[in-house]
Amino acid sequence: MRRQFVNDPGDVVPEALEGFAAAWPRHVRWNREPSYVVRAEPAPDKVAVLSGGGSGHEPLHVGFVGRGMLDAAVPGAVFASPTAMQIRAASLAADTGRGVLHVVKNYTGDVLNFRIAGELLADEGVHSDIALVDDDLATETDDADGPGRRGTAAVVAVEKVCGAAAERGADLSELVKLGRRVVAGSRTLSVALAAGAHPGQSRPSFDLPEDQVEFGVGIHGERARERRAFGPRRELVADMAAPLLRDLDLGRGERVAVIVNGLGATHDLELYGVFGEVKALLEGAGIEVARSLVGSYVTSLDMAGCSVTLVRADDEFLDLWDAPVSTPALTW
């Protein structure tokens, strides 16, 4: 039996957004209806960078609204896409006349609604385009007509570098190319030790025996394609890292950014232990860990588990990664 700090489960998202905006008044403003979050002080004369998706993944995406990253974020209900009308309204609020980049994780509802919003914006003379994030190696298949890989923690890297490039004056086509290049060099795998529970529910979305892990789990409470035996951290991390290296075809002398991401209920003590294992494995393979990000950034409610993301890093990526950023969830 799980207990949560909830009044009415139907009010969880708007109540959280109201509290979020009240906690970060110098960074963000929440528009209640339709619901979206924009910068408290809009940036002038730049391409707007906007993202969105279902709630339950906080701090994604609203936590990344601010200088050097997103101009707006559009939250849906828990694990549900925002509507096209929400996306349209947020895009119009963020647009400065130079167009809008939509950073979209590859989920059917998100892709559909962002495309509809793009058509609505075009009718109003606003240029927009999509950088689709599909980094989840667990859902790769040979089916060309299938939904493809899901979008997971690589979205943080795309939002960071595209946000930095937009601040420097990059145009919409340059940002689209940049975002797609970062995605092409990114892969993620996730492991769950316990499922999360939806607001107001006392049971998790699935049960997992104590001697097993959900290997390749998603971020919407869905089960993975396979379960594996639970074991020491070094063995689990090796099982996660090896497929990423193979799929990206990373070799000696290359550089990567590593994102070790908590899925909602995993302590930093564990996450930094995971990062240490990943770094040792990469260095053993002659690959330099050029940058790292460790913490809970793309969560799945209170799921216990973590994801490991590798992002191929060249000089341009590192320069944009290091650029100043000031948001509620990421600042340097």
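Arginine 39 and aspartate 71 are both buried. In this predicted model, their side chains meet in a salt bridge, 3.3 Å from N to O. Arginine 39 sits in strand S2 (residues 36–39), and aspartate 71 in the loop between strand S3 (48–55) and strand S4 (72–78), so the pair ties together parts that are 32 residues apart in sequence. The contact belongs to a network of salt bridges that links Arg39, Lys46, Asp71 and Glu167.

The count of salt bridges comes to 24. Three of them are listed here, among them the pair above.

| Salt bridge | N to O distance |
|---|---|
| Arginine 39 – aspartate 71 | 3.3 Å |
| Aspartate 134 – arginine 149 | 3.7 Å |
| Aspartate 239 – arginine 228 | 3.9 Å |

Aspartate 134 and arginine 149 both lie in the loop between strand S6 (128–133) and helix H4 (154–167), 15 residues apart. Aspartate 134 counts as buried at 18% relative accessibility. Arginine 149 is buried too, at 15%.

Aspartate 239 is in helix H6 (residues 233–248) and arginine 228 in strand S9 (residues 226–229), so this pair ties together parts 11 residues apart in sequence. Aspartate 239 is partly exposed at 33% relative accessibility. Arginine 228 is partly exposed at 30%.

Now strand S10. Of its 8 residues (255–262), 7 are buried, so S10 is largely enclosed by the rest of the structure. S10 runs parallel to strand S11 (residues 288–295), joined by 7 bridges. Valine 258 stands opposite serine 292 in S11. From S10 the chain passes through helix H7 (residues 268–284) to S11 in a right-handed β-α-β crossover. With strand S12 (residues 304–312), S10 pairs antiparallel over 7 bridges. There, asparagine 261 stands opposite serine 307.

Conventions: Residues numbered from 1 in each chain as written. Predicted model: local features only at pLDDT ≥ 70, side-chain atom pairs only at ≥ 80, totals over all residues. Heavy atoms only, no water. Buried < 20%, exposed > 50% of the residue type's maximum accessible area, 1.4 Å probe, protein only. Helix = DSSP H or I, 4+ residues; strand = E, 2+ residues; numbered from the N terminus. Pairing = 2+ DSSP bridges. Right-handed = clockwise from strand over helix to strand, strands pointing away. Salt bridge = Lys/Arg side-chain N within 4 Å of Asp/Glu carboxyl O.
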